[in-house]
Amino acid sequence: QVQLVESGGGLVQAGGSLRLSCAASGSIFSIAVMGWYRQAPGKQRELVATIDSARSSNYADSVKGRFTISRDNAKNTVYLEMNSLKPEDTAVYYCKAERVLVYGSIYNYWGQGTQVTVSS
């Protein structure tokens, strides 16, 4: 089992910045990909960014150039630096970890989420 705990959310004005953190614990040895997702009220949950063990990253078009995902493998922590925040970035942000076992099974784990609110 993998446990994920997000932190760093809060209230910020448009144009401001926040840095989210997600710390993984438990059976963390085989985590291959970590990512951030978000869900706004009345909307579907959407992918924000992912990063693999080699630190190769992908971003949703809506956040390219503004958000940066990174990870510290020694600390088992993934970060999301959010700059130039917009009101439409307001959502609950969730951390996700993909665990690939040696025999090929894949498991996904989710954190409880952290609220990000951007005021205009």
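The structure holds one disulfide, the term denoting a pair of cysteine sulfur atoms within 2.5 Å. The bond joins Cys22 to Cys95, with an S to S distance of 2.1 Å. The torsion about the S-S bond of Cys22 and Cys95 is about -85°, so the disulfide is left-handed. Cys22 belongs to strand β3 and Cys95 to strand β9, so the pair ties together parts that are 73 residues apart in sequence; helices (H or I, at least four residues) and strands (E, at least two) are DSSP runs, numbered from the N terminus. Both Cys22 and Cys95 are buried, where buried means under 20% relative accessible area, exposed over 50%, and partly exposed in between (1.4 Å probe, protein chains only).

The model is predicted: local features need pLDDT of at least 70 and side-chain atom pairs count only at pLDDT 80 or more, whereas totals for chains, interfaces and linings use all residues. Residues are numbered from 1 along each chain as its sequence is written, and side-chain values use heavy atoms, with hydrogens and water left out.

In soluble globular proteins, nonpolar side chains tend to be buried together. A nonpolar core is defined here as a set of buried Ala, Val, Leu, Ile, Met, Phe, Trp, Tyr and Cys residues joined through side-chain atoms within 4.5 Å. The largest such core comprises 30 residues, of which Leu4, Met34, Trp36, Leu80, Met82 and Tyr93 touch the most other members. At least two residues of this core are supplied by each of β1 (2-7), β3 (18-26), β4 (31-39), β5 (46-52), β7 (67-72), β8 (77-82), β9 (91-100) and β11 (114-119). With neighbours within four places in sequence set aside, the contacts of Leu4 include both cysteines, Cys22 and Cys95, as well as Met34 and Trp110; contact means heavy atoms within 4.5 Å.

A pair of aromatic rings is described by the distance of the centres and the angle of the planes. Rings of Phe, Tyr and Trp (its six-membered ring) pair if their centres lie within 6.5 Å; planes under 30 degrees apart count as stacked, over 60 as edge-to-face and the rest as tilted. By this rule the count comes to one aromatic pair. The ring centres of Tyr37 and Trp110 are 5.0 Å apart and the planes stand at 65°, so the pair is edge-to-face. Tyr37 lies in strand β4 and Trp110 in strand β10 (residues 106-110), so this pair ties together parts that are 73 residues apart in sequence. Tyr37 counts as buried, at 14% relative accessibility, while Trp110 is partly exposed, with a relative accessible area of 34%.

Arg45 is found in the loop between β4 and β5 and is partly exposed at 35% relative accessibility. Its charged end sits over the ring of Trp110, 4.8 Å from the centre, and Arg45 also lies over the face of Tyr94, at 3.7 Å from the ring centre. The criterion places NZ of Lys or CZ of Arg within 6 Å of the ring centre and within 35 degrees of the ring normal. Arg45 and Tyr94 are 49 residues apart along the chain, with a C-alpha separation of 9.2 Å. Tyr94 is located in strand β9 and is buried, with a relative accessible area of 14%. Beyond four places in sequence, the contacts of Tyr94 include Trp36, Tyr37, Arg45 and Trp110.
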